[in-house]
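Please look over the chain shown below together with its coordinates. The report that follows goes through confidence, overall fold, side-chain pairs and a few individual residues.

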Amino acid sequence: MAKITRSIIALAIAALIAVSSAILVSTVKADAATKGSANSHASNKMAYKLPASTEKTNAFAKSYVLKVNAKSSKNVKWSATASAKNIKTKYSYNAKAKKLTFKMTGKSYGLTKFTIKFKQGSGKWTTKKMQLFVDSDKNIMRIK
């Protein structure tokens with residue numbers, strides 16, 4: 001009788017372990033499908049649209065913008081260099097805001113040391129150094 005009771009208890013414990021393992025596995029699979037699977041990453045990427053530009057560091061966007069106070073657009077001289085040659089730079093002037101705007105966009109993947117120099121009229125040259133990263137989709141982020 002004791003042998004049968006032990007067998008029944010062992011069978012009940014084995015069944016309990018099997019059921020709890022099955023529940024645990026199904027919970028992990030469901031959680032992985034919502035948080036870590038390739039499908040969830042793809043759907044999250046499609047749901048999130050990157051901003052067209054940013055002035056912040058450590059934030060991806062289609063372009064990085066540096067704005068500088070300026071009295072006018074006359075006699076503005078500037079140059080930009082990138083160690084990896086993967087950055088394209090455009091310059092514009094906003095008369096209403098009285099700001100020079102330098103817009104950097106990515107041309108190819110990689111990290112680059114970027115330097116921009118500018119001056120107005122006969123003023124002094126101002127140099128801004130930064131590190132920019134371009135991802136495989138040509139999105140850009142200023143690291144420092």
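## Confidence of the model

In which element of the chain is confidence lowest, and in which is it highest? The model is a predicted one, and its confidence is lowest in helix 2, residues 38–47, where the mean is 53, while strand 6, residues 126–134, has the highest value, at 94. For the chain, the mean pLDDT is 81, and 78% of the residues reach 70 or more.

## Overall architecture

The secondary structure of the chain consists of two helices and seven strands, and reading along the sequence gives the pattern α-α-β-β-β-β-β-β-β. Of the 144 residues in the chain, 26% are buried. When contacts between residues at least 6 apart in sequence are considered, 53% of them join residues at least 24 apart.

The chain exposes about 10300 Å², and carbon and sulfur atoms supply 60% of that area.

## Aromatic pairs

A pair of aromatic rings is described by how far apart the centres are and by the angle of the planes. The count of aromatic pairs in this model comes to six. One of them joins Phe60 and Phe133 in an edge-to-face arrangement, with 6.1 Å from centre to centre and 65° between the planes. Because Phe60 lies in the loop between helix 2 and strand 1 (63–69), whereas Phe133 lies in strand 6, this pair ties together parts that are 73 residues apart in sequence. The two partners also fall into separate accessibility classes, since Phe60, at 26% relative accessibility, counts as partly exposed, and Phe133, with a relative accessible area of 19%, is buried.

Tyr91 and Phe102 form another aromatic pair, which is tilted, with 5.8 Å from centre to centre and 40° between the planes. Tyr91 belongs to strand 3 (residues 87–94) and Phe102 to strand 4 (residues 99–106), so the pair ties together parts that are 11 residues apart in sequence. Tyr91 is partly exposed, at a relative accessible area of 28%, whereas Phe102 is buried, at 0%. Tyr91 and Phe102 also belong to a cluster linked by ring pairs, together with Trp78 and Phe118.

## The salt bridge

Side chains of opposite charge can pair when their charged atoms come close. The structure holds one salt bridge, in which the side chains of Lys67 and Glu55 meet at 3.7 Å, N to O. Lys67 lies in strand 1 and Glu55 in the loop between helix 2 and strand 1, so this pair ties together parts that are 12 residues apart in sequence.

Lys119 is found in strand 5, residues 110–120, and it counts as buried because its relative accessibility is 17%, below the cut-off of 20%. Once its neighbours within four places in sequence are left aside, Lys119 is in contact with Asn75, Val76, Lys77, Lys124 and Trp125. Lys119 and Ala70 are 49 residues apart along the chain, and their C-alpha atoms are separated by 9.6 Å.

## Two lysines with positive phi

Most residues other than glycine have a negative phi. Which values of phi are found at Lys98 and Lys138? Lys98, although it is not a glycine, has a positive phi of about 55°, and Lys138, likewise a residue other than glycine, has a positive phi near 65°.

Lys98 has its place in the loop between strand 3 and strand 4, where it counts as partly exposed at 47% relative accessibility. Lys138 is found in the loop between strand 6 and strand 7 (140–142), and it is partly exposed too, with a relative accessible area of 45%.

Notes
Residues numbered from 1 in each chain as written. Predicted model: local features only at pLDDT ≥ 70, side-chain atom pairs only at ≥ 80, totals over all residues. Heavy atoms only, no water. pLDDT = per-residue confidence, 0-100. Helix = DSSP H or I, 4+ residues; strand = E, 2+ residues; numbered from the N terminus. Phe/Tyr/Trp six-rings, centres within 6.5 Å; stacked < 30°, edge-to-face > 60°. Buried < 20%, exposed > 50% of the residue type's maximum accessible area, 1.4 Å probe, protein only. Contact = heavy atoms within 4.5 Å. Areas by Shrake-Rupley, 256 points an atom, 1.4 Å probe, with all protein chains shown as cover. Salt bridge = Lys/Arg side-chain N within 4 Å of Asp/Glu carboxyl O.
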